[in-house]
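Good morning, colleagues. Today I would like to take you through the salt bridges of one model. Please have the sequence and the structure in view.

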Amino acid sequence: MRLTRYTDYAMRVLLYLGREPERLCSIGEIAQAYGISQNHLMKVINDLVHAGFLASLRGRNGGIRLARPPAEINIGALVRHTEDDFDLVGCTSCIIAPACGLTSVLDEAMAGFMAVLDGYSLADVLARRPDFSHLLHPVAPREPARS
């Protein structure tokens, strides 16, 4: 199975925010850190906010952060949310699908793949390689709010 760029960006956002779960970050900051399109990231982040993975605060000092602790964010649930198609092969359009033994094998493989992802939280993933900040593009510090 190949995950979409949408899922890739969703995972990148959660990994970035999971490093400092309480800190508010801007979409621009995350886009700059990864060197990816801010426009693409906005769509992903908006979806993750509506799905309850992220919290968003509007305004001058607003931003986004994790909506729950990293230990409560399941990787399998995230992938199920961000992926539309779990069909490894286009079996639904194949004329032999009703009699094909491969369909059940592929379904079993997908179930195994998802079972592995279901066994991990964002906290587990972050703990495997705790510091990746040196790999990110430098981000200009946010200016403090003026009184």
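Helices, in what follows, are DSSP runs of H or I with at least four residues, numbered from the N terminus. The model is predicted, so that local features need pLDDT of at least 70 and side-chain atom pairs count only at pLDDT 80 or more, while totals for chains, interfaces and linings use all residues. Residues are numbered from 1 along each chain as its sequence is written, and side-chain values use heavy atoms, with hydrogens and water left out.

By salt bridge I mean a side-chain nitrogen of Lys or Arg within 4 Å of a carboxyl oxygen of Asp or Glu. The structure contains 4 of these salt bridges.

Let me begin with helix 1, residues 5–18, where Asp-8 and Arg-12 sit 4 residues apart, about one turn of the helix. Their side chains form a salt bridge at 3.1 Å, N to O. Arg-12, at 24%, is partly exposed.

Which residue forms a salt bridge with Arg-80? The partner is Asp-118, with the closest N and O atoms 2.6 Å apart. This pair links distant parts of the chain, 38 residues apart: Arg-80 belongs to helix 4 (residues 75–82) and Asp-118 to helix 5 (residues 102–118). Arg-80 is partly exposed at 39%, and Asp-118 is partly exposed at 32%.

Within it, the side chains of Glu-20 and Arg-23 meet at 3.5 Å, N to O.

Technical notes. Helix = DSSP H or I, 4+ residues; strand = E, 2+ residues; numbered from the N terminus. Buried < 20%, exposed > 50% of the residue type's maximum accessible area, 1.4 Å probe, protein only.
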